[in-house]
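Here is a quick tour for anyone meeting this structure for the first time. Have a look at it, then read on.

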Amino acid sequence: MNAPLTDDDAALLRRYRRGDAAAFNALYQRHRLGLFRFLLGLCGDHALAEEVFQETWMSLVRSQSEQREAVLFKTWLYQIARNRLIDHWRKTGRHQAGHDEYDEGQHAQADPQPGPEQQWGLSRDSERLQAALADLPEDQREVFLLRAHGDLELNEIAELTRTPAETVKSRLRYALQKLRRLLATEELSA
Amino acid sequence: MKDQREPLDHEQALLAHFRAHGSGEPSAELDARILAAASATARETQQAQIDSDNAGWAQRLHQWLFGSGRQRWSVAVAGLACVGIGVSLTWRTLEQTPEAFDAVPPSVAMSPAAPAPIAAKRAPEQEAIAPMAAPQERMRSQAMARQAPSADMAEAPMASSAALAPMAELVIQSEPREALLRLLELRKAGEQEEAQRLLEQLKADYPHLDIEAELAHLATESPSE
């Protein structure tokens with residue numbers, strides 16, 4: 001009889017390394033949607049997201065290494081995916097525009113807080129959500145996606161992106177402000 | 001407090017909104033492909049474990065050395081090299097030990113200083129008997145050559161021969177002296193034939209010895225003795 005699949009990620013990975021396919025299945029179901037949406041939100045290309053998603057899981061399958069004790073499995077998984085996507089961009093010669101200065105400067109000004117009615121009236125149309133995400137600078141979008149879909153804490157995002165924690169915090173704040181404004185504006189204009 | 005909590009509430013609301021209404025998910029085909037690959041790897045791992053449980057010691061050793069992804073073979077080679085060096089050093093030490101015990105100890109090599117006064121006291125006698133000592137000297141040098149088994153040890157036998165020289169000369173000089181005394185006694189007793197045979201024997205044994213002079217010397221010495 002199989003043990004109930006409520007183990008933490010590291011324990012599931014250890015069981016999989018010992019030949020337990022069910023443990024991998026549990027691990028996969030736990031993270032598949034979040035990881036895929038992180039990749040899709042970051043690159044905006046469904047086919048590319050699927051390619052990188054597959055490479056990430058396959059590298060995990062082929063690798064014999066155990067998870068390092070000090071790092072969460074989730075952080076490890078998202079880091080692999082992020083590195084694969086960056087590698088792909090490098091190979092295809094995609095230019096990563098640096099919007100940080102412009103956007104952080106722009107959003108540093110006081111943000112008019114929308115009222116609660118506006119908050120709950122945010123657009124639920126997935127295309128609008130995707131468009132609002134695409135409108136974010138890349139660094140802010142990455143932090144927001146890691147927070148929203150990866151459910152990572154700020155210090156974990158800082159470690160993963162090798163960015164100071166304060167920078168991560170400010171990027172997330174600007175991203176949230178901009179998304180709120182964009183979605184509320186669209187809702188009002190609709 | 002309320003002001004601090006409000007942005008957090010807004011953040012959580014927006015994050016939840018995106019989680020709930022975000023779109024996009026991997027295709028079922030992609031899911032199936034990844035899970036199939038994972039299952040195949042898990043089966044291989046299980047099979048490898050079963051094989052490992054059934055494997056002989058040679059296969060286990062091979063798996064231990066090369067199968068885990070670590071470079072354990074280098075550790076094994078280093079261990080073997082250390083054992084080899086240890087055995088070699090031990091063997092060399094064992095080979096050298098008997099020679100070290102055979103060697104003349106430094107205390108003996110330094111001992112010639114003690115008998116030196118005796119040798120000096122007997123110097124006049126040695127000068128007189130020196131020609132008689134030639135055959136014994138030859139034999140003694142041959143014996144010394146036998147005692148010196150290697151060139152490394154050449155100095156030690158030389159030192160010991162120097163230490164033994166006075167004793168050897170005492171032995172050498174006693175033989176012709178006794179024979180000469182016996183000859184004198186025979187002559188005094190008038191046993192000419194036997195005295196002549198002994199004289200010839202002495203001439204044969206000590207061709208360079210001036211027998212008559214020695215006899216005269218002994219004849220002058222003998223009354224005082």
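## Chain B at a glance

First, a word of caution: this is a predicted model. Buried residues make up 9% of its 225 residues.

Take the contacts in chain B with a separation of 6 or more: 64% of them join residues 24 or more positions apart.

## Where α1 meets α2 in chain A

Over in chain A, helix α1 covers residues 9–17. The axes of α1(A) and α2(A) come within 7 Å and cross at roughly 145°, and the crossing is left-handed.

Who meets whom here? On the α1(A) side there are Asp9(A), Leu12(A), Leu13(A), Arg15(A) and Tyr16(A), and on the α2(A) side Ala23(A), Phe24(A), Ala26(A) and Leu27(A). By class, the residues of this contact are seven nonpolar, no polar and two charged.

## Helix α4 of chain A and its two sides

Helix α4 of chain A takes in residues 73–92, which is 20 residues. From first C-alpha to last it reaches 29 Å, close to the 28 Å expected at 1.5 Å a residue. Just after α4(A) comes Gly93(A), with a positive phi of about 75°.

Which residues of α4(A) are buried? They are Thr75(A), Leu77(A), Tyr78(A), Ala81(A), Arg82(A) and Leu85(A).

The buried residues of α4(A) pack against α2 (21–43), α3 (46–62), α8 (138–148) and α9 (154–161) of chain A. On the other side of α4(A), you'll find Asp87(A), Arg90(A) and Lys91(A) exposed.

## The enclosed helix α8

One of the partners of α4(A) is α8(A). Ten of the eleven residues of α8(A) are buried, so this helix is largely enclosed by the rest of the structure. Among those buried residues are Val143(A), Phe144(A), Leu145(A) and Leu146(A), but also charged-type names including Asp139(A), Arg141(A), Glu142(A) and Arg147(A).

## Where chain A touches chain B

Now for the two chains together: 33 residues of chain A are in contact with 28 residues of chain B. On the chain A side, α2, α3, α7 (126–134), α8 and α10 (165–189) each supply at least two residues. Helix α2(A) gives the most, with nine residues. Sorted by class, this side of chain A has 16 nonpolar, nine polar and eight charged residues.

## A closer look at Tyr28

Tyr28(A) is placed in helix α2 of chain A. Is Tyr28(A) buried or exposed? With 20 other C-beta atoms within 10 Å, Tyr28(A) counts as buried, because the cut-off for that is 20 or more.

What does Tyr28(A) contact, leaving aside its neighbours within four places in sequence? The answer spans both chains: Trp57(A), Ile34(B) and Leu35(B). Tyr28(A) and Trp57(A) are 29 residues apart along the chain, yet their C-alpha atoms are separated by 8.4 Å.

Methods:
Residues numbered from 1 in each chain as written. Chains lettered and ligands numbered in written order. Predicted model: local features only at pLDDT ≥ 70, side-chain atom pairs only at ≥ 80, totals over all residues. Helix = DSSP H or I, 4+ residues; strand = E, 2+ residues; numbered from the N terminus. Expected span 1.5 Å × (residues − 1). Buried ≥ 20, exposed ≤ 12 C-beta atoms within 10 Å, placed from the backbone. Contact = placed C-beta atoms within 7 Å. Axes fitted to C-alpha atoms, helices over the stretch in contact; angles between N-to-C directions. Left-handed = near helix turned anticlockwise from the far one by under 90°.
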